[in-house]
Amino acid sequence: MDLALENRVAILTGPAKGMGAAVTLAFARAGANVVLAGRDVGAIEPVAAQVAKLGRKAVIARCDVVDGAACERVVETALSSFDGRIDILVNVAGGSGPIGKTGAQTTPPEFDEIVRLNMLGPFNMIRAVAPVMMTQRYGKIVNIGGTFGMRGRAGRLAYSSSKWGLRGITKSFALELGAHNINVNCVAPGMVDGPRFRTKVVPEMAQRLGITEEEAAERHAADYALKRVSTDEDVAWATLFLASDVSRQITGVDLPVDGGWASL
């Protein structure tokens with residue numbers, strides 16, 4: 001399917017590694033040019049180099065997404081780099097917060113830190129880019145949420161709260177920007193197979209239950225209807241779909257990419 005993303009201009013936050021890098025390269029392969037925003041520009045440079053090898057242009061912008069002024073500077077960089085146009089915003093940047101702590105054990109600073117990153121960050125970026133998209137009467141905004149923001153999760157109160165809040169941001173902006181031909185949606189990954197899953201999640205379960213790491217990985221997969229854990233590429237494809245005109249009549253939705261867990 002041709003997603004017609006050739007020469008589109010996309011801003012992506014959190015592009016340095018894992019899911020963010022996979023989403024970035026998927027857009028480049030689809031023909032988009034990208035502005036890569038993050039705090040550690042050195043970590044972004046290898047991804048930008050891969051984008052260049054794919055024949056697309058990548059501009060790196062230093063940005064802490066909880067800083068509204070920094071987000072506005074990213075938009076200014078994108079406009080000056082790509083003839084005054086921004087077609088797509090993908091908010092990948094986020095964090096996991098305290099893991100394994102109950103709500104009573106979570107400290108106010110821990111709660112505040114993850115809520116600011118996972119909610120204020122996307123809010124700042126959307127707020128910065130919305131006037132541009134409203135003027136051009138075109139835009140696609142995709143927030144990367146999580147399935148713990150669709151079902152409650154003990155031991156992940158701060159993270160779960162932040163991702164539930166991101167859903168509210170998504171839906172309110174979808175209602176407010178829809179009249180300007182701007183789609184706002186949320187992709188909600190479940191567990192994603194990658195370094196964190198293989199080096200932290202799986203070994204922790206294996207040790208706790210006294211089983212092998214292979215058995216632990218199989219137990220995670222067994223939670224899902226499709227009996228497999230998602231990959232970064234699964235998330236990237238869903239993001240491409242919602243950033244394209246193929247999904248022109250879809251806005252305000254939460255799309256779980258989890259092999260069947262959050263919605264079943």
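**Entry 1**

Helix α6 covers residues 195–209 and helix α7 covers residues 213–222; I noted an angle of about 100° between them and axes 8 Å apart. Axes here are lines fitted to C-alpha atoms, for helices over the stretch in contact, and angles run from 0 to 180 degrees between N-to-C directions. Helices (H or I, at least four residues) and strands (E, at least two) are DSSP runs, numbered from the N terminus.

Next I listed who touches whom, where contact means heavy atoms within 4.5 Å. On the α6 side I found F197, R198, V201, V202, P203, M205, A206 and L209, and on the α7 side E213, A216, A217, R219 and H220. Sorted by class, this contact has 9 nonpolar, 1 polar and 3 charged residues. In this sorting, Ala, Val, Leu, Ile, Met, Phe, Trp, Tyr, Cys and Pro count as nonpolar, Asp, Glu, Lys and Arg as charged, and the others, Gly among them, as polar.

**Entry 1: a note on the model**

I reminded myself that this is a predicted model, in which local features need pLDDT of at least 70 and side-chain atom pairs count only at pLDDT 80 or more, while totals for chains, interfaces and linings use all residues. Residues are numbered from 1 along each chain as its sequence is written, and side-chain values use heavy atoms, with hydrogens and water left out.

**Entry 2: the sheet**

In what order do the strands of the sheet lie? I read the order β3-β2-β1-β4-β5-β6-β7, an open sheet of 7 strands with parallel pairing. Two strands pair if DSSP finds at least two bridges between them. The edge strands are β3 and β7 (254–257), each of which pairs on one side only. On average, neighbouring strands of the sheet are turned by 20° against each other, direction ignored.

On one pairing, β2 meets strand β1 (residues 9–13) in the parallel sense over 5 bridges, and A10 has V34 as its bridge partner. From β1 the chain goes through helix α1 (residues 18–29) to β2, a right-handed β-α-β crossover. A crossover is right-handed if, with the strands pointing away from the viewer, the path from the first strand over the helix to the second runs clockwise.

Strand β3 (residues 58–62) also runs parallel to β2, joined by 5 bridges, and G38 stands opposite R62 in β3. Here the chain crosses from β2 through helix α2 (residues 41–53) to β3, and this crossover is right-handed.

**Entry 3: around β4**

Then I moved to β4, where I88 and V90 point one way, L89 and N91 the other way, and all are buried. Strand β4 (residues 88–91) pairs with strand β5 (residues 139–144) in the parallel sense over 4 bridges. Strands β1 and β4 pair in the parallel sense over 4 bridges, with I11 opposite L89.

Together β4, α4 and β5 make a right-handed β-α-β unit. Helix α4 (residues 108–136) lies across β1, β4, β5 and β6 (182–189), at about 175° to β4. Helix α5 (residues 157–177) also packs on the sheet, touching β5, β6 and β7, and its direction makes about 160° with that of β6.

Most residues other than glycine have a negative phi. I looked up N7, in the segment before β1, and its phi is positive, about 65°. R137, in the loop between α4 and β5, has a positive phi of about 55°. N7 is partly exposed at 48% relative accessible area, and R137 is partly exposed at 47%.

Finally, I found A225 in the loop between α7 and α8 (232–242), partly exposed at 48%. Leaving aside neighbours within four places in sequence, A225 is in contact with G259, G260 and L264.

Conventions. Buried < 20%, exposed > 50% of the residue type's maximum accessible area, 1.4 Å probe, protein only.
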